[in-house]
Amino acid sequence: MDYRITADRLKLALKSHHMRPQELADQSGVSKSSISQYVNGLHAPSNKNSEKMAAALGVNPLWLRGFDVPMIKTDPVNGYFVEGITDDENQFIELYTRLDALDQSRILGYMEGLLGNDKYEK
């Protein structure tokens, strides 16, 4: 079975939190080997592991599992939000989550192409 949506969403959540799989394992209590299987699309996380990882990443566990719900749980006053990031970053996340998996992949590819430019070399 293909668990690519969950894998792509987990990768996005990890990137947006500047977190490595080992850090997610440490913070969530989900084994690094399980997280590796989820990131590689080999298995889907159980409800329990989805909840643990989502809590550590600050995302909606249903979104993480591929459901058509917002990435970030909504706040009745502020709408979508992720604490600690800019309004532009929040807007990007909100718009990105509204795209289908193919267009999300295209956006990530475009961004990776931009980062390959000498302008962004460290």
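Predicted model: local features only at pLDDT ≥ 70, side-chain atom pairs only at ≥ 80, totals over all residues.
Which residues make a nonpolar surface patch of about 600 Å²?

Residues are numbered from 1 along each chain as its sequence is written, and side-chain values use heavy atoms, with hydrogens and water left out.

The protein chain has seven helices and zero strands; these are DSSP runs numbered from the N terminus, with helices being H or I of at least four residues and strands E of at least two. Of its 122 residues, 30% are buried, meaning under 20% relative accessible area, with exposed over 50% and partly exposed in between (1.4 Å probe, protein chains only).

Now, the inside. The largest nonpolar core holds 22 residues; such a core is a set of buried Ala, Val, Leu, Ile, Met, Phe, Trp, Tyr and Cys residues joined through side-chain atoms within 4.5 Å. Leu57 is among those with the most contacts inside it. Beyond its neighbours within four places in sequence, Leu57 touches Leu10, Ala13, Leu14, His17, Met19 and Leu24, a contact being heavy atoms within 4.5 Å.

Back to our patch: Phe92, Tyr110, Met111, Leu114, Leu115 and Tyr120 make it. Helix 7, residues 101-115, gives the largest share, four residues. Phe92 sits in helix 6 and counts as partly exposed because its relative accessibility is 35%.

Technical notes. Patch = residues over 30% accessible without salt bridge, like charges linked within 9 Å, V, L, I, M, F, W, Y side chains within 5 Å. Areas by Shrake-Rupley, 256 points an atom, 1.4 Å probe, with all protein chains shown as cover. Salt bridge = Lys/Arg side-chain N within 4 Å of Asp/Glu carboxyl O.
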